[in-house]
Amino acid sequence: MTQREQQILEWIRQDPMISQEDLAQRAGITRSSVGVHISNLMKKGLHPGKGIPPPDSGYVAVAGR
């Protein structure tokens, strides 16, 4: 995992609903570059998808019907 991917993954752990645009602004890169990094993280099995915390982020509670 690259240093940039680690940084993006940490921000996603802090806020699983963060947008690619917000990630791009924090990192000082384009939104499309963030998309490439997220795609790479998903291929490596480190990020399951938007709004879903990464596998090593602890417990998840789901409420609903």
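I take contact to mean heavy atoms within 4.5 Å. With that settled, I opened the model, which is a predicted one.

**Entry 1: helix H2**

I began with H2, which spans residues 20–27, and looked for its buried positions. I found Leu 23, Ala 24 and Ala 27 buried there. They sit on the same side of H2, because they cover an arc of only 100° around the axis. Next I asked myself what covers the buried residues of H2. The cover includes helix H1 (3–14) and helix H3 (31–43). I also looked up the partners of Ala 27, leaving out residues up to four places away in sequence, and noted Arg 4, Gln 7 and Trp 11. Just past the end of H2 I stopped at Gly 28, which takes a positive phi of about 75°.

**Entry 2: H2 against H3**

I then checked how H2 and H3 pack: the angle is about 105°, and the axes are 8 Å apart. Angles of 65 to 115 degrees count as roughly perpendicular, so I logged H2 as roughly perpendicular to H3. From H2, the contact is made by Gln 20, Glu 21, Leu 23 and Ala 24. From H3, I listed Arg 31, Val 34, Gly 35 and Ile 38. Sorted by class, this contact has 4 nonpolar, 2 polar and 2 charged residues.

**Entry 3: the nonpolar core**

Which residues make up the largest nonpolar core? I counted 11 residues in all: Ile 8, Leu 9, Trp 11, Ile 12, Ile 18, Leu 23, Ala 24, Ala 27, Val 34, Ile 38 and Leu 41. H1, H2 and H3 each supply at least two residues of this core, and H1 gives the most, with 4 residues.

**Entry 4: Glu 5**

I turned to Glu 5, which has its place in helix H1. Is Glu 5 buried or exposed? Buried means under 20% relative accessible area, and Glu 5 has 2% relative accessibility, so I wrote it down as buried. Setting aside residues up to four places away in sequence, I found that Glu 5 touches His 37, Asn 40, Leu 41 and Lys 44.

**Entry 5: His 47**

My last stop was His 47, in the segment after H3. His 47 counts as buried, because its relative accessibility is 6%. I also looked up how far His 47 is from Pro 16: their C-alpha atoms are separated by 10.0 Å, and the two are 31 residues apart along the chain.

Definitions and conventions
Residues numbered from 1 in each chain as written. Predicted model: local features only at pLDDT ≥ 70, side-chain atom pairs only at ≥ 80, totals over all residues. Heavy atoms only, no water. Buried < 20%, exposed > 50% of the residue type's maximum accessible area, 1.4 Å probe, protein only. Arc of directions from axis to C-beta. Axes fitted to C-alpha atoms, helices over the stretch in contact; angles between N-to-C directions. Parallel < 35°, antiparallel > 145°, perpendicular 65-115°, else oblique. Nonpolar A, V, L, I, M, F, W, Y, C, P; charged D, E, K, R; others polar. Core = buried A, V, L, I, M, F, W, Y, C linked by side-chain atoms within 4.5 Å.
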